[in-house]
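Here's a quick tour of one protein model, written for someone new to reading structures. Keep the 3D view open and follow along.

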Amino acid sequence: MTIGANQRINAARLWDSLDAMAQIGPGVAGGNNRQTLTDADSAGRHLFADWCKAAGMTMGVDTMGNMFATRAGTDPDALPVYMGSHLDTQPTGGRYDGVLGVLGALEVVRSLNDMNIQTRHPIVVTNWTNEEGARFAPAMLASGVFAGLHTQDYAYNRTDMDGLRFGDELARIGWVGDEIVGARKMHAMLELHIEQGPILEAEGKEIGVVTHGQGLWWLEITLTGRDAHTGSTPMAMRVNAGLGMARITERVHQIAMGHQPGAVGAVGQVKVFPNSRNVIPGKVIFTVDIRSPDQTKLDLMRGEVERAAHAVAAELGLGCSIEAVGHFDPVTFDANLVNIVRQSAEKLGYSHMDIISGAGHDACWINRVAPTVMVMCPCVGGLSHNEAEEISPEWAAAGTDVLLHAVLEVAGVVG
């Protein structure tokens, strides 16, 4: 069977699915708060599972809660081709980050059913658990266990800011499966995602062909000083953990700027104790996020941040401890798959460009155990991890069309 450029996904159905999923765990400003292992996450999983069943797929779940919906191929001995991303969101997340990759993959299967197209390799649509890392650090936790970067015990013992354990919360929402994590073998994996940056829109391109991914360090810094009354403690007698965080924040920015081009850094999650208006903070816990596609720069920045943090703490009389709570090296995606994505975009007439992913994704970990590639579509203003995140139906359809044709090339059309 010849697959022509006129064969596309059902764009309206895809957009309706994205809208339906967005009704689960709504945010306060039009986006989503469907954090991992919450009741909203469970509800989203159930909806996804129902849709997969209706599309004729069988569902498997492993002990990290990763969901695998399989469409059978004609060759029982052929390894499956995987597609997917994640359904969990940031606390103030958008509707499309991760979700487009899962529901776009589902739409590929639905469209194959509509067109009565069979593939030699089975096709699996995946929802990876806790990609965001917003509630349980590190990000891409379950795909990291799958790829052998973390042990399951390590993952199960991660705690959120309220001290709740990952393993307990996974059991509470009822999504502990029976498959051994990482036992599945893959022929390849393709992940569709919004860019989460401004480059594609600025360049007027519909498709990003992702060749590489940035490396990352998340460094959780704990500064310990002394709680004291803001009004009655002389300035020279304070041991102010908040001041230490402020100075380190400025140093992180300076360090990233000193490694341009191709380096970024910022302070993100912050918890201040006792977090009272009239108490000098006696303790602050915050996370430094540094990234680069250049391994040398990434490692240099980590060392500089850690030295700067200890120097600031010593100057202010603060205790200082640093824990690496997230890390992955820069990623090079499979050259053959990259070429297939590029050719699929050209075949369909979509404008495209090669791009480096600035964010971490599950594909970055799976790349260690199987050939992997990513397809990106633009997002308005490059805005993501924000409820105002926005894409167009046309962008969503273009990315999913490219995913469809790339997957068919990899999975092998029968007939």
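Where is E132 found, in terms of β5 and α4? Look between those two elements: E132 sits in the loop that links β5 (123–127) to α4 (141–146). Before going further, remember that this is a predicted model.

**A spot picked out by the record**

An unreviewed UniProt entry carries the annotation "binding site" for D97, E132 and H385. Those residues span 289 residues in sequence, yet no two of their C-alpha atoms are more than 9.6 Å apart, so they gather at one spot. If you check the surroundings of E132, you'll find that it touches both D97 and H385, and also H86, D88, T89, Q90, A139 and W218, leaving out residues up to four places away in sequence. Is E132 buried or exposed? With 5% relative accessibility, E132 counts as buried, because buried means under 20% relative accessible area.

Now for a couple of strand residues. M67 lies in strand β2 (residues 67–71), while V124 is found in strand β5. Here is how they line up with E132:

| Residue | Relative accessibility | Class |
|---|---|---|
| E132 | 5% | buried |
| M67 | 0% | buried |
| V124 | 0% | buried |

What does M67 touch? Setting aside residues up to four places away in sequence, its contacts are R45, F48, A49, M59, G60, V61, V125, T126, N127 and W175.

V124 and M186 are 62 residues apart along the chain, and their C-alpha atoms are separated by 9.4 Å. For M67 and V305, the separation is 238 residues in sequence and 37 Å in space, C-alpha to C-alpha.

**Helices α3 and α12**

Time to look at helix pairs. Two packed helices are described by the angle between their axes and the distance between the axes. Take helix α3 (residues 99–115) and helix α12 (residues 393–411): their axes come within 9 Å and cross at roughly 60 degrees. That makes α3 oblique to α12. The crossing of these two helices is right-handed. On the α3 side, the contact is made by L100, G104, A105, E107, V108, L112 and M115, and on the α12 side by A396, T400, L403, L404 and L408. Sorted by class, the residues of this contact are nine nonpolar, two polar and one charged.

The unreviewed UniProt entry annotates residues 214–311 as "domain: Peptidase M20 dimerisation". Over that stretch the chain is 35% helix and 35% strand, with the end C-alpha atoms 28 Å apart.

At what angle do the axes of α8 and α9 cross? For helix α8 (residues 241–257) and helix α9 (residues 295–316), the answer is roughly 150 degrees, and the axes come within 9 Å. The two helices are therefore roughly antiparallel to each other, and their crossing is right-handed. In α8, the residues L243, G244, R247, I248, R251, V252, I255 and A256 meet M301, E304, V305, A308, A309, V312, E315 and L316 of α9. The classes in this contact are eleven nonpolar, one polar and four charged.

Technical notes: Residues numbered from 1 in each chain as written. Predicted model: local features only at pLDDT ≥ 70, side-chain atom pairs only at ≥ 80, totals over all residues. Heavy atoms only, no water. Axes fitted to C-alpha atoms, helices over the stretch in contact; angles between N-to-C directions. Helix = DSSP H or I, 4+ residues; strand = E, 2+ residues; numbered from the N terminus. Parallel < 35°, antiparallel > 145°, perpendicular 65-115°, else oblique. Left-handed = near helix turned anticlockwise from the far one by under 90°. Contact = heavy atoms within 4.5 Å. Nonpolar A, V, L, I, M, F, W, Y, C, P; charged D, E, K, R; others polar. UniProt positions renumbered as here; feature names shortened; annotations may be inferred. Buried < 20%, exposed > 50% of the residue type's maximum accessible area, 1.4 Å probe, protein only.
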